[in-house]
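Here is a short note for a colleague who has not looked at this structure before. The points can be read in order, with the structure open alongside.

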Amino acid sequence: MSEHEHHNCSSGHPENLQLRPKRLGWDEYFMSVAHLISQRATCKRAHIGAVIVRDNNILATGYNGAPSGLPHCDDDNCLIYTSTHPDGTIEQNCMNTIHAEMNAIIQAAKHGVSIKDADIYVTASPCINCLKALINVGIKQIYYDKPYKIENISDMLHKTGVKLIQVHVENIRIINDEK
Ligand SMILES: [Zn+2]
Ligand SMILES: [Zn+2]
């Protein structure tokens, strides 16, 4: 039977096959998972998700939030501090939270999962502190969606073999986050 004679069970119209959504590529797949995970984030400042992957398998995940058992960020305990990069740019972070990338590394350590030579998908490019940890656990490639002060990490990236690659995912359906 030729392709033209092959009928879609649901419609019976072969031309409707064209309307089916394209199958996700691996990069879109893992970045979409990272976006989904970011919806678990608890810091009001930013919702970030991270997925550590090797050989197309998810090894660990993380989102940003307060340490386990401690109160989530709210107006009182979202502890914003400001730091100045050597080039003079100002960065703000929340002292109450652990970043998504760090939580993914922590999850791997907690469960004894090796993440050497793995890749990470993060919904935003990492800060310099997370980059340092990612370098030392042996992450090879960092895939990010939204750029976050990449100029602050570009020098360190160039001095290591770690690659930073943008994967932008369109049409992520954000489910209303319940507070
Ligand atoms: Zn916070
Ligand atoms: Zn970070």
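**Notes on the fold and the annotated residues**

1. Asp 119 has Gln 141 of β6 as its bridge partner. Strands β5 (residues 119-124) and β6 (residues 141-146) run parallel and are joined by 5 bridges. Please keep in mind that this is a predicted model.

2. Both strands belong to an open sheet of 5 strands, ordered β2-β1-β5-β6-β7, in which the pairing is mixed. At its edges are β2 (57-63) and β7 (163-166), each of which pairs on one side only. On average, and ignoring direction, neighbouring strands of the sheet are turned by 20° against each other. As background, the strands of a sheet pair through backbone hydrogen bonds, and the pairing is either parallel or antiparallel.

3. For the chain as a whole, the count is 4 helices and 7 strands. Read from the N terminus, the order of elements is α-β-β-β-β-α-β-α-β-α-β. The chain has 179 residues, and 30% of them are buried. Of the contacts between residues at least 6 apart in sequence, 53% join residues at least 24 apart.

4. Helix α1 (residues 26-38) lies across β1 (49-54), β2, β5 and β6, and runs at about 145° to β1. Helix α2 spans residues 100-110, and its buried residues are Ala 100, Glu 101, Asn 103, Ala 104, Ile 105 and Ala 108. The cover over these buried residues includes β1, β2, β5 and α3 (128-136). After α2 comes Gly 112, with a positive phi near 65°.

5. Which residue does UniProt list for "active site"? The unreviewed entry gives Glu 101, a residue of helix α2. Glu 101 counts as buried because it has 27 C-beta neighbours inside 10 Å. Leaving aside residues up to four places away in sequence, Glu 101 touches Ala 50, Gly 62, Ile 120, Val 122, Pro 126, Cys 130, Ala 133 and Leu 134.

6. With residues up to four places away in sequence left out, Met 102 touches Gly 62, Cys 130 and Ala 133. Met 102 and Tyr 63 are 39 residues apart along the chain, and their C-alpha atoms are separated by 8.6 Å.

7. For "binding site", the unreviewed UniProt entry lists His 99, Cys 127 and Cys 130. These residues are spread over 32 residues of sequence but cluster in space, with a largest C-alpha distance of 9.0 Å.

8. His 99 sits in the loop between β4 (90-94) and α2. It is buried, since 26 other C-beta atoms lie within 10 Å. Not counting residues up to four places away in sequence, His 99 touches Ile 48, Asn 64, Cys 127 and Cys 130.

9. Cys 130 is part of helix α3 and counts as buried because of its 24 C-beta neighbours inside 10 Å. Beyond residues up to four places away in sequence, Cys 130 touches His 99, Glu 101 and Met 102.

Terms used:
Residues numbered from 1 in each chain as written. Chains lettered and ligands numbered in written order. Predicted model: local features only at pLDDT ≥ 70, side-chain atom pairs only at ≥ 80, totals over all residues. Pairing = 2+ DSSP bridges. Helix = DSSP H or I, 4+ residues; strand = E, 2+ residues; numbered from the N terminus. Axes fitted to C-alpha atoms, helices over the stretch in contact; angles between N-to-C directions. Contact = placed C-beta atoms within 7 Å. Buried ≥ 20, exposed ≤ 12 C-beta atoms within 10 Å, placed from the backbone. UniProt positions renumbered as here; feature names shortened; annotations may be inferred.
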